[in-house]
Amino acid sequence: MTTQPEVITESREPDPGTPGQESQFSATRGGESKRSIEQIALLLFICIPFVALAAAVPLAWGRGMSWLDLGLMVGMYFLGCHGITIGFHRHFTHGSFKASRPLKIGLAIAGSMAVEGPIVRWVADHRRHHKFSDAEGDPHSPWRYGETLPALMKGLWWAHMGWLFDEEQTPQGKYAPDLIRDPAIRRISRDFWLWTAISLLLPPVVGGLVTMSWYGAFTAFFWGSLVRVALLHHVTWSINSICHAVGKRPFKSRDRSGNVWWLAVLSCGESWHNLHHADPTCARHGVLRGQIDSSARVIRWFEMAGWATDVRWPTAERIAARRQEDVGEAA
Ligand SMILES: [Zn+2]
Ligand SMILES: [Zn+2]
């Protein structure tokens, strides 16, 4: 069978914004068996950044961690993460619900505090990713350089972090004109440096004031600012790299997006990425039984409070229509 879906009908002509890109993409999509060395290399790529991050923490700070630092780290992590997933991604990029004016502004600021770039650039890049997912024009496909093992390693690096250093920018006027037209959103996007400063300074200020010491401010900065931002960056980038290389693919999508269960909690539900590409405007990504999706839960709370309306919740028929006939696992 073919994995070309009926559900997505956007055009796939080469992006005029990306002249001369020498990408090589195979016409085949998923399902092929991989050599074992590829599996090992993938596993190493997946594990090493997380092991390094986990190892750096006790090495850099052998004195343990206070409850205050832990609270600041977890609180700031999930504030920024939900700002990205609910705000930048599900609301601003895909319009999966309508937000009241205060909620819209709040989500734009919370997402900016994740330090993943100004909102307009984030949304423009991500809309382009959906338009060309895993084909020429996608700003961060791990399949950019081809299907051989060295090409995939190079591609995973590119999808994870390399693309961030690309000089070529997604044209914002073309991909996010709706956001540019909104003066408040434009302002929040331009003031990205301010949200970054607040995001990094808030933990040490709270830590310093609560403990009334410079030492307390420093440890709060280490855990609540540095470690928190590093972890959130790697988790977000993993959606672009890992979730386009491995994972289960129970739904029809024209790309290689996969559902990766072990990233569900840390990614606030975004790692159910195969469903997301099969049904991009759906407000819930973890649609199957037992799939944790904290972003969908918070959107439901916003809806109950009357702040979110026209929420595009999945229906049984919509989910069934997007199911693969044969459930493929490509990892
Ligand atoms: Zn994707
Ligand atoms: Zn998306």
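I call a residue buried if 20 or more other C-beta atoms lie within 10 Å of its own, exposed if 12 or fewer, and partly exposed in between, with C-beta atoms placed from the backbone. This is a predicted model, where local features need pLDDT of at least 70, side-chain atom pairs count only at pLDDT 80 or more, and totals for chains, interfaces and linings use all residues. Residues are numbered from 1 along each chain as its sequence is written, and chains are lettered from A and ligands numbered from 1 in the order in which they are written.

**Helix α5.** I listed the buried residues of α5: Leu-152, Gly-155, Leu-156, Trp-158, Ala-159 and His-160. Helices are DSSP runs (H or I, at least four residues), numbered from the N terminus.

I checked Ile-119 for contacts (C-beta atoms, placed from the backbone, within 7 Å). Leaving aside neighbours within four places in sequence, its partners include Phe-88, Phe-92, Leu-179 and Ile-185.

**UniProt spans.** The unreviewed UniProt entry lists residues 40-61, 67-88 and 192-215 as "transmembrane region". Such annotations may be inferred rather than shown by experiment. I found residues 67-88 to be 100% helix and 0% strand, with end C-alpha atoms 30 Å apart. Residues 192-215 are 92% helix and 0% strand, with end C-alpha atoms 28 Å apart.

Terms used: Contact = placed C-beta atoms within 7 Å. Helix = DSSP H or I, 4+ residues; strand = E, 2+ residues; numbered from the N terminus.
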